[in-house]
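Please consider the following protein model and the way in which its parts are arranged.

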Amino acid sequence: MIVLHQRPDRERHILQQLVFRRSMLLLSTILAVGLLAGCASDAAKVYAQQNEAAQLRQQAEDKAPTPDNKGMYLGLIRQMQEQGMYFASLAHIDAYEQQNGSTPELQRLRADALRETRQTAAADSAYRKLLNSSEASAAWHGLGLLAAQSGDYKAAATSLREAAGREPTNPVMLSDLGYALLRTGDISAARVPLAQAAELAPDNRKMISNLALLLLVSGDAEKARAVMDKAALSAESRARIYGLAAEIGQRQPVVVAIQKKPNDAKTTISESAASTAKSANPAALPATPFQSMLDRFGNGG
């Protein structure tokens, strides 16, 4: 009788445990499905965000540059000046300054444009404001070019020497300095900067042209001709070099070199650059004023 009373209780206990286990299994399944759904939802959200970001990056790369970007706008102004559009660059410099404020580089670009558009007084003032800035070497260079434009090559040489002293490996500044010294008649002083410029920029025909000019006014027509041949200078360029050599000799007395004779204590002065140039190429001398081999010197002087 005792057994008969205990058996139903045991079966009831087992049945309760079975129901409990099935309930827990069902609950776990529901929770797992929910978690998976949540993970899937999060993964889809992350993927959508990444896809959107990739699309935005692609759109940014495909979008054409606009003047809203400071660096791009400055690049546009530089490009205009490289193409000789100095009047247009002045307008854009004004626009840039209104939008972004001024910088030493922007003021240097303005000064260059003022010089190239022959607004001499304004350019001179703009350059002088930059002499104590990060654009000091370019400012001295600009002042030298302004002086050369007006024909004051002594003042030009002084300013260009300041510029080259701050940038001793800049071939443009060195070549401009050497040219200005040639125009003052100081052949010996012009030799080093012109040779340096030619070696620093051996493929630049303007530098090579000035080196040939130095050789001509120094009385070495054969070496000058060899330099021009090696650079494959055109007949027009050669004519201009010969013409400038003659002009330098005509405008001021040029002392090329002083050499001692082996058996004579006296010294003799070599021929002037003008006579050398004329004998080297008498038919190549233009009657009109010569324009400098360097575009930066404008119309010479």
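**An enclosed helix and its surroundings**

Of the 13 residues of H10, 11 are buried, so this helix is largely enclosed by the rest of the structure; buried here means under 20% relative accessible area, exposed over 50%, and partly exposed in between, with a 1.4 Å probe and protein chains only. The model is a predicted one, in which local features need pLDDT of at least 70 and side-chain atom pairs count only at pLDDT 80 or more, while totals for chains, interfaces and linings use all residues. Residues are numbered from 1 along each chain as its sequence is written, and side-chain values use heavy atoms, with hydrogens and water left out.

The buried residues of H10 are Met207, Ile208, Ser209, Asn210, Leu211, Ala212, Leu213, Leu214, Leu215, Leu216 and Val217. Helix H10 covers residues 205-217, and its end C-alpha atoms are 18 Å apart, which agrees with the 18 Å that its 13 residues should span at 1.5 Å a residue. The expected span is 1.5 Å times one less than the number of residues in the helix.

The protein as a whole contains 13 helices and two strands. These elements are DSSP runs numbered from the N terminus, helices being H or I with at least four residues and strands E with at least two. Of the 301 residues of the protein, 36% count as buried. Among contacts between residues at least 6 apart in sequence, 54% join residues at least 24 apart, where contact means heavy atoms within 4.5 Å.

Helix H7 may be taken next.

How are two packed helices described? They are described by the angle between their axes and the distance between the axes. For H6 and H7, the angle is about 160° and the axes are 7 Å apart; the axes are lines fitted to C-alpha atoms, for helices over the stretch in contact, and angles run from 0 to 180 degrees between N-to-C directions. H6 is therefore roughly antiparallel to H7, a term for angles over 145 degrees, with those under 35 counted as roughly parallel, 65 to 115 as roughly perpendicular and the rest as oblique. The crossing of H6 past H7 is left-handed, that is, the near helix is turned anticlockwise from the far one by less than a right angle, whereas clockwise would be right-handed. On the H6 side, the residues that meet H7 include Trp140, His141 and Leu143, and those they meet in H7 include Tyr153, Leu160 and Arg166.

The aromatic rings come next. Rings of Phe, Tyr and Trp (its six-membered ring) pair if their centres lie within 6.5 Å; planes under 30 degrees apart count as stacked, over 60 as edge-to-face and the rest as tilted. By this rule there are two aromatic pairs. Tyrosine 73 and tyrosine 96 form an edge-to-face pair, with 5.6 Å from centre to centre and 65° between the planes. Because tyrosine 73 lies in helix H2 (residues 70-82) and tyrosine 96 in helix H3 (residues 86-100), the pair ties together parts that are 23 residues apart in sequence. Tyrosine 73 is buried at 4% relative accessibility, and tyrosine 96 is buried at 3%.

Tyrosine 153 and tyrosine 179 also form an edge-to-face pair, at 6.2 Å centre to centre and 70° between the planes. Since tyrosine 153 belongs to H7 and tyrosine 179 to H8, this pair ties together parts 26 residues apart in sequence. Tyrosine 153 is buried, with a relative accessible area of 6%, and tyrosine 179 is buried at 0%.

The loop between H7 and H8 holds glutamate 167, which is partly exposed with a relative accessible area of 29%. Leaving aside neighbours within four places in sequence, glutamate 167 is in contact with Ser137 and Met173. Its C-alpha atom is separated by 9.2 Å from that of alanine 138, 29 residues apart along the chain.
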